[in-house]
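Q: Please take a close look at the strand pairing in one part of this structure. Then place it against what else can be described.

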Amino acid sequence: MNKFVNGQFSVAAVVLCALVLGGCAKLTSVRQHPDFAAHERKITKVAILPPDAEFVYRVFDGDDRRLPEKEKQVVESLSSDMPEFFKERGYEVVAVDWERHSSENPDFAYELQQLRMAFTSASEELYKKAMVSEEEHDDFSVTIGPVVNQFADMAGADALVVVRYAGFEKSQGLVAKEVVGNALLAALSGVYYQPVKIAGAVEVAVLDGNTGDVLWCNAQAGVDTAYGIARMAMLPLPARGLPSPAPAQTQVVKTDDVNAK
Amino acid sequence: MRTRRRAYITGMVCAVAAALAGCAPSSVKSGTDGGLDQDERVLVARADAAAAEIQRKGLVLRDAVVTDYVRRVGARVVPSGTGLQFHIARDSNVNAFAFPNGDIFITIGLLARLENETQLAFVLAHEAAHVYAKHGLESARRRRSTVIAAHVADLVLFGTSIAYLPFAGSLAHYNRDQEDQADAVALKWLAEANYPANSIPTIFKTMTEREIEGPSHASIWSSHPTNDQREQRITALLRSGNLAITGAPDEGVERFRAVRKRIVHANIKLKLRHGQFQLARRAADEALRHDPADPWLYYFRGESSRRMGADPKTAAREQAWIQGKKDVEQLTRDFESRRHERFVQARADFERALYIDPSFIYAKRGLGLVAYETGEHEQARDALRQYLQGEQPIRDARYIRTLLEGLGDE
């Protein structure tokens, strides 16, 4: 199921919508644990879990389909890029042979799926409001619980990173329909929105490997490659040994309703 | 002026939408030379991919005893059941779904709710009937035409796509007529396979987890008629005299219960994992009727109470779903006010588990976590230390050690 369309991966859709709708505020999509600094001091190693990706080709008649080749490319890209992004932020990244663990443990895929589902549930709690003020961004205390422990054990890491991507590409017919629709909207509201042909969103989260607490997460949407969007998503993560940057990714967005989903 | 123009546009667009919907093909075409037509090929390919993804994500139960049993029941009730493959999905929701390629999934949540082999046979037959009648193809075509109309219609809604239906990933989504057809075919097959179908009408009440009627997003009943309507329709069919119902007792009851016992624990654990605390408790209570000396079941009851006390927000969300209520904040306050009561209940169940089996270390875990929540640090440390010293591998050792560190344990 494409998370954009079905809204299960509501974060991506929410952030994307918040970025394109009207109104003015200084807001951020970053969420940070109130005791982030204390947790971060204890982290010596992080491990990147196998990324998850969904990419949908959307067409006018509604007969949308997944693009497995594109999904595979995105997973490969994120698997090689995310460790570099974390190293740039001063983290030591453990190289984990997840395929070996998967072949040795018949329940690996299932347990990973459980972890991802637990994170999806936590994400819904974190992103009840798509964007929050800079003052509110570090007031989120959400956990996915000890489901993380076995992966932290496998990796020998103190923290785990969840990465997921949801993207779509629209057919010409669908874009044409949106051009007409947006023109109607413009006639009444005076504001014209250019339809987006291809877009994606990346969600990145750092989880405490002992407690499952969500220490930091961010969702970034855009029309760039998965690499470009992931890089943007990572920018607000405080670099180790340095003071936190100006609160998170300050987005000056036009939104009428930051609570819109 | 603006209002008149809007009304005009609305009227024109609705007329166009109606015309487009009427133009769509509405019958399922059988393939040329008996083979699949293009639409079917596409649908089957997507179903293959979806089924493969479910497998890849480890969501299919790997218990050979349970799987073989379900497949044998399927082979008995579905005439010429070749081309069908029955699987058990590791999902605690009460659900069963059939893909157009013949992959049929029944969840452990559903399996745990059924009472006997006849009810299982009915569910499998119902899903198989969807495949044989090509309901998936019919639905996809109907949905496509509806979606084209919705595309045009939602110009009125200015791109908000409220009218937009879920995309074709919903390979197992059927309408009421199709569900009624599948029920009728399933009953016929049940009678032909010599199953005593008179227990079928009660299946709908057995399977419902909600206290309200109506569509449920997570349920196979999302497009179905209400449970009452289905029960009435099936009762009428059984009374019509058109089906040769044996009326003999279900000889598969003991066989069924032995198999169901194998998935009961997995089902309850999953429910707890996914925040379905009350449903987990109900499932444990039901299982205790058959197995009153199982310490695990008391542990699960204890966990459900403990989690309701420790996580009132999640408990409230579950309650809202079960009762069809919207005021989650009020429900959360209700759960928060009853925390102490929950912890007392939890403690009693954990102690009961230990009474049955003094070496059952998971009860120590439960007691330790309750003591942690209630601020009884000494008791928490003792119990959690004992849990960590158990012989079995402790999967959440890191979590427990972190709690102990917080309690000042070196």
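A: Two strands count as paired if DSSP finds at least two bridges between them. Strands are DSSP runs of E with at least two residues, helices are runs of H or I with at least four, and both are numbered from the N terminus. The model is predicted: local features need pLDDT of at least 70, side-chain atom pairs count only at pLDDT 80 or more, and totals for chains, interfaces and linings use all residues. Residues are numbered from 1 along each chain as its sequence is written, chains are lettered from A and ligands numbered from 1 in the order in which they are written, and side-chain values use heavy atoms, with hydrogens and water left out.

Start with β9 of chain A, residues 198-208. Of its 11 residues, 10 are buried (under 20% relative accessible area, with exposed over 50% and partly exposed in between, using a 1.4 Å probe and protein chains only). Strand β9(A) is therefore largely enclosed by the rest of the structure.

Which strands flank β9(A)? One is β8(A), residues 159-170, which pairs with β9(A) in the antiparallel sense over 11 bridges. Within that pairing, A:Arg164 has A:Glu203 of β9(A) as its bridge partner. Another is β10(A), residues 214-222, joined to β9(A) by 8 bridges and also antiparallel. The hairpin of β9(A) and β10(A) has 5 residues between its strands, and A:Gly212 takes a positive phi near 80° in it.

Now move to β4(A), residues 52-58. Strand β4(A) is mostly covered, with 6 of its 7 residues buried. It runs parallel to β8(A), with 7 bridges between them. A:Arg164 returns here: in β8(A) it stands opposite A:Asp52. So much for the parallel side. Strand β4(A) also meets β5(A), residues 65-66, through 2 bridges in the antiparallel sense. In that pair, A:Val56 has A:Arg66 as its bridge partner.

Step back to chain A as a whole. The chain holds 9 helices and 11 strands. Of its 261 residues, 55% count as buried. Take its contacts (heavy atoms within 4.5 Å) between residues at least 6 apart in sequence: 80% of them join residues at least 24 apart.

Strand β1(B) runs parallel to β3(B), residues 103-107, over 5 bridges. In this pairing, B:Ala89 stands opposite B:Thr107 of β3(B).

A nonpolar core is a set of buried Ala, Val, Leu, Ile, Met, Phe, Trp, Tyr and Cys residues joined through side-chain atoms within 4.5 Å. The largest has 57 residues, and B:Val70, B:Val77 and B:Ile106 are among those that touch the most other members. Helix α5(B), residues 117-132, gives the most to this core, with 9 residues. Leaving out residues up to four places away in sequence, B:Val77 touches residues including B:Ala121, B:Trp189 and B:Tyr195. Another core, of 40 residues, lies apart; B:Leu288 and B:Phe350 are among its members.

Next, a helix pair. The axes of α10(B), residues 253-273, and α12(B), residues 295-310, come within 11 Å and cross at roughly 10°. The two helices are therefore roughly parallel (under 35 degrees; over 145 is roughly antiparallel, 65 to 115 roughly perpendicular, the rest oblique).

Finally, a loop residue. B:Asn194 sits between α7(B), residues 176-192, and α8(B), residues 203-207. Most residues other than glycine have a negative phi. B:Asn194 has a positive phi, near 70°. At 48% relative accessibility, B:Asn194 counts as partly exposed.

Definitions and conventions: Axes fitted to C-alpha atoms, helices over the stretch in contact; angles between N-to-C directions.
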